[in-house]
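Here's a quick tour for anyone opening this structure for the first time. Have a look around, then read on.

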Amino acid sequence: MTAEYRLLIDGQWTAAGPSFEVKNKYSGQTIATIPTARREDVDAAVAAARNAAPLMADMPTYKRSEILARTAALLRERSEDFATTIAAEAGKALKYARAEVDRAVSTFTIASEEAKRMHGETVPLDAVPSGEGYFGFWVRRPVGVIAAISPFNFPLNLVAHKVAPALASGNSLVLKPATWTPLTAVKLCQALQDAGLPAGAINLIVGPGSTVGEWLVTDSRVDKITFTGSPDVGRHILSVAGIKKVTLELGNTSPVVIAPDADLDVVAKRCAVGAYYNSGQVCISVQRIYSDKQVYAPFTEKFVKTTESMVVGDPLDERVDVGPMIDIQEANRIEDWVHEAQGAGAKVLTGGRREAAVYYPTVLANVNSGMKVVAEEVFAPVASVIACDDFEESLRQANDTKFGLQVGVFTKDIDRVLKAVKWLNFGGVIINDTPNFRADHMPYGGNRQSGLGREGVRYAMEEMTNLQMVAIRQSS
Ligand code: NAP
């Protein structure tokens with residue numbers, strides 16, 4: 001039987017507009033239906049968040065912290081249900097879906113702890129003559145209503161990275177998850193309700209970004225937008241948002257740099273997981289691998305061999321490493337990109353094959369920086385290997401991109417490490433691992449076209465609050 005899901009507005013599960021079907025991305029079977037929000041539903045959701053904003057701002061810190069801790073406990077208790085929902089609606093291999101749930105438990109736990117650490121500092125106003133006789137300090141105040149818009153590729157933990165810090169810092173929210181993957185978000189909202197979150201503090205609306213998303217981000221009652229998704233949509237949101245705070249977590253063409261002293265067995269294994277996990281549909285997925293020419297041949301051989309060992313199939317099968325892409329159109333798109341690269345001289349070392357929405361893990365060689373598979377975000381299980389004259393040349397090529405989210409560098413040489421840290425213009429430089437590394441409490445976000453602002457609970461809380469200065473004049 002197909003489950004019927006609802007939207008959440010002001011604490012009520014609502015049927016709203018016409019329903020659409022959510023499919024299992026591997027089998028194509030319908031797993032649930034859920035309504036599309038109408039304009040009046042978006043209005044009602046924002047109004048409910050607006051009403052709840054003062055309540056959330058006044059809620060004692062310990063209560064906010066307890067709700068977040070209870071949510072973490074409920075996620076753990078319901079972890080298998082969350083994991084199978086993610087595997088079905090996003091096509092993510094079950095083992096990685098389980099890992100995503102574990103990470104969301106961490107994100108809520110960290111938020112429950114960070115809620116207690118949100119504090120300001122004193123300002124010595126009498127450091128200037130005009131401040132004599134004044135006592136000063138600043139505090140962080142919640143911005144109010146946050147619009148959270150999330151992508152399909154991490155339907156739980158990327159939603160958690162918006163919801164948990166927003167609530168920890170005393171805000172209310174309207175959440176619009178990706179249309180491909182709304183079910184996990186419904187289950188998360190249910191857990192928050194069960195954990196005691198008051199009505200209106202989180203509202204869930206579902207529907208196309210071009211209508212429902214657009215109504216939300218242009219609503220003048222929204223104080224801040226936190227968006228994770230593609231650079232094109234991010235740019236568009238920035239152009240229509242008006243005067244609001246905006247955080248954008250966008251794409252990347254994640255590079256890896258391999259120095260001649262690196263342990264090639266380790267590099268090949270880490271790069272294969274990093275390139276093909278979630279079918280490469282990860283913003284920090286390994287895409288461009290720059291290897292010193294001294295080790296290019298042995299590395300490439302090991303990488304191709306590891307790539308060929310990946311188990312491809314139904315994501316609900318425990319043994320599977322790589323499931324389908326989110327949609328057949330996406331699989332067609334990457335097939336076209338690879339054909340286009342081949343037409344311009346690229347060589348497929350393994351993969352390059354599609355079956356319905358499944359694209360097989362693929363290694364390309366003989367690529368150049370003019371090809372889409374190098375210059376644009378592939379967001380698919382395709383990685384390119386490129387030989388460079390030396391370490392410095394590898395760094396230069398890795399840096400030669402409009403993006404700047406994360407980069408991985410494999411070397412045991414401390415001087416090379418220091419040079420990489422200094423040269424690379426990325427939000428995160430990961431040494432001896434791939435760009436995929438992320439701990440949920442570290443500052444995370446991109447430079448250049450990869451975005452604006454940082455997430456990572458505490459850093460997101462900073463962006464979800466306003467500094468309020470208090471100056472007290474001594475009256476006698
Ligand atoms: P997307 O197409 O940009 O969609 C992201 C979200 O924006 C979805 O909820 C979408 O709704 C909504 N949206 C679309 N148009 C909108 C509009 N005009 N106004 C408001 N909202 C709108 O991205 P995606 O395909 O789901 O995700 C892939 C992208 O996300 C990649 O570029 C990836 O690099 C990036 N990403 C970045 C990070 C990071 O932390 N930096 C993490 C994960 C993913 P619909 O679903 O209805 O289209």
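Where does the ligand sit? The ligand sits in the largest pocket. Before the details, a heads-up: this is a predicted model, where local features need pLDDT of at least 70, side-chain atom pairs count only at pLDDT 80 or more, and totals for chains, interfaces and linings use all residues. Residues are numbered from 1 along each chain as its sequence is written, and side-chain values use heavy atoms, with hydrogens and water left out.

**The ligand and its surroundings**

- A pocket here is an open set of points on a 1 Å grid over the protein atoms alone, where a 1.4 Å probe fits, with protein on both sides within 12 Å along at least five of seven lines; a molecule sits in one if more than half of its atoms lie within 2 Å of its grid points.
- There are 31 residues around the ligand (a heavy atom within 4 Å), and S150, T179, S230, L250 and E377 come nearest.
- That shell splits into 16 nonpolar, 11 polar and four charged residues, with Gly counted as polar and Asp, Glu, Lys and Arg as charged.
- α8 gives the most to the shell, with four residues.

**Polar contacts (N or O pairs within 3.5 Å)**

- A polar side-chain atom of E377 lies 2.4 Å from an oxygen atom of the ligand.
- For S230, the distance from a side-chain N or O atom to a ligand oxygen is 2.6 Å.
- The side chain of K176 has an N or O atom 3.1 Å from an oxygen of the ligand.
- The protein covers 87% of the 910 Å² of accessible area that the ligand has on its own (Shrake-Rupley method, 1.4 Å probe).

**The β1-β5-β4 sheet**

- Three strands (DSSP runs of E, at least two residues) make an open, mixed sheet in the order β1-β5-β4; strands pair if DSSP finds at least two bridges between them.
- β1 (3–4) and β4 (19–23) are at the edges with a single partner strand each, so one side of each has no neighbour in the sheet.
- β4 and β5 (residues 30–35) run antiparallel, joined by five bridges, and S19 stands opposite P35 in β5.

**Strands that pair with β7**

- β6 (residues 121–123) runs antiparallel to β7 (residues 134–142) over three bridges, with T122 opposite F137.
- β7 also pairs with β23 (residues 465–473), antiparallel over nine bridges; there, R140 has L467 as its bridge partner.

Methods
Polar contact = N/O pair within 3.5 Å; in protein donor to acceptor, adjacent residues only side chain to side chain. 1 Å grid on protein atoms, 1.4 Å probe; cavity = no way out; pocket = protein on both sides within 12 Å on 5 of 7 lines; lining within 4 Å.
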